[in-house]
Amino acid sequence: MSTTTPASTEKVDERLVKASPWKKLLGRPELGSVIGAVAVFIFFMIFADSFLRATSLATVLYASSTLGIMAVPVALLMIGGEFDLSAGVMVTSSALISSMFSYQMTANTWVGVGVSLLVTLAIGVFNGVMLTRTKLPSFIITLGTFLMLTGMNLGFTKLISGTVSTKSIADMQGFDSAKSVFASTFSIGGVDFKITIIWWLALVLVATWILLRTRIGNWIFAVGGDLDSARAVGVPVNKTKIGLYMGVAFGAWISGQHLLFSYDVVQSGEGVGNELIYIVAAVIGGCLITGGYGSAVGAAIGALIFGMTSKGIVFAEWNSDWFKFFLGAMLLLATLLNAWVRKRAEASK
């Protein structure tokens, strides 16, 4: 005699249940930012006559890319549950190191670029090691780094150059080739685009691949979602966090070299305050401040919203003082929209 179990009582593994396209769409972190980007685009399309010109769109993409190069690694760090308040000043530090080393050592500018990469990555390692060793909040650790870098940028620049800006390195060996890598322009259909757009898109592709296709991506989500559980299942928590801070440092290095080779001199006081804009772009892109949720694509779209807003106000010939108002309004709306999307996604499960 045999017994059979009714089919209706069999438990089905939820991982094997096929989700509908609608549920998959609601589960995407960047959904809110996509809706916001479309709304901002339509808004300025109506109120700014020159917004749809090819040259204007190229300008918007350039502004978005300079922000997006930093917003993407900052988003990964936030998914991992941490902040970096030194990110904005680190960009200036990286540019200053390249410029002053090349000028003072009378070296090829590529040598300065290489030294800058090593030092900037070392700053990222410092942030990560201090965080993992001391267990202090990343807010405190990186605020300390922010203040130290701000002082060092100004102090070393005045000590070496005698002013608050570096000497020009435009006539030094290697400058033109370095400029072609970090600050050149290319043409498509008669419209000029900045090479930072290529850097931006490349970083988005690499970051998305890491998050969605590699074991490291699983580690990032795990340490941001539940640190103790991640450690319990063998995730290398400390190495993951240090690696995320090095990712932010790498983005700062790219941005710093663009800053240097765009103008050939660097002002030591630049970059202060930009770290908050990077964080806001990541939040608008769907990253949770509490960690464990977000995407690189969302952060890129958050940067695009910034670019459209900052340049759209100019094209509409409005007072640029209103930019901060739009910034705050977008942050609140994006946060509310993302919260609504998450609730809908959780309710549909």
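Predicted model: local features only at pLDDT ≥ 70, side-chain atom pairs only at ≥ 80, totals over all residues.

Student: Let's begin with H8 and H13, then: at what angle do their axes cross?

Tutor: The axes of helix H8, residues 196-213, and helix H13, residues 296-315, cross at roughly 150° and come within 8 Å. Angles over 145 degrees count as roughly antiparallel, and H8 and H13 are therefore roughly antiparallel to each other.

Student: Which residues in H8 and H13 meet?

Tutor: On the H8 side they are Trp200, Val204, Ala207, Thr208 and Leu211, and these meet Ala296, Val297, Ala300, Ala303 and Leu304 in H13. Sorted by class, the contact of H8 with H13 has nine nonpolar residues and one polar residue, with no charged residues.

Student: Switching to aromatics, how many aromatic pairs does the structure hold?

Tutor: There are 15 aromatic pairs in the structure. One of them joins phenylalanine 43 and phenylalanine 44 in an edge-to-face arrangement, with 5.1 Å centre to centre and 85° between the planes.

Student: And phenylalanine 44, is that buried or exposed?

Tutor: Phenylalanine 44 is buried, as its relative accessible area is 1%, whereas phenylalanine 43 counts as partly exposed at 30% relative accessibility.

Student: What about phenylalanine 182 and phenylalanine 261, how far apart are the centres of their rings?

Tutor: Their ring centres lie 6.1 Å apart and their planes are at 15°, so phenylalanine 182 and phenylalanine 261 form a stacked pair. This pair links distant parts of the chain, since phenylalanine 182 belongs to helix H7 (residues 175-182) and phenylalanine 261 to helix H11 (residues 237-263), 79 residues apart. Both phenylalanine 182 and phenylalanine 261 are buried.

Student: Which residues form the aromatic cluster?

Tutor: One aromatic cluster is formed by Phe41, Phe43, Phe44, Phe47, Phe51, Phe315 and Trp318.

Student: Now a charge: what sits over the ring of tyrosine 62?

Tutor: That is the charged end of lysine 194, which lies 5.7 Å from the centre of the tyrosine 62 ring.

Student: Last topic, threonine 145: where is it placed, and what is it in contact with?

Tutor: Threonine 145 is in helix H6, residues 138-161, and it counts as buried because its relative accessibility is 3%, where the cut-off for buried is under 20%. Leaving aside neighbours within four places in sequence, threonine 145 is in contact with Ser86, Ile123, Phe126 and Asn127.

How values were computed: Residues numbered from 1 in each chain as written. Heavy atoms only, no water. Axes fitted to C-alpha atoms, helices over the stretch in contact; angles between N-to-C directions. Helix = DSSP H or I, 4+ residues; strand = E, 2+ residues; numbered from the N terminus. Parallel < 35°, antiparallel > 145°, perpendicular 65-115°, else oblique. Contact = heavy atoms within 4.5 Å. Nonpolar A, V, L, I, M, F, W, Y, C, P; charged D, E, K, R; others polar. Phe/Tyr/Trp six-rings, centres within 6.5 Å; stacked < 30°, edge-to-face > 60°. Buried < 20%, exposed > 50% of the residue type's maximum accessible area, 1.4 Å probe, protein only. Lys NZ or Arg CZ within 6 Å of the ring centre and 35° of its normal.
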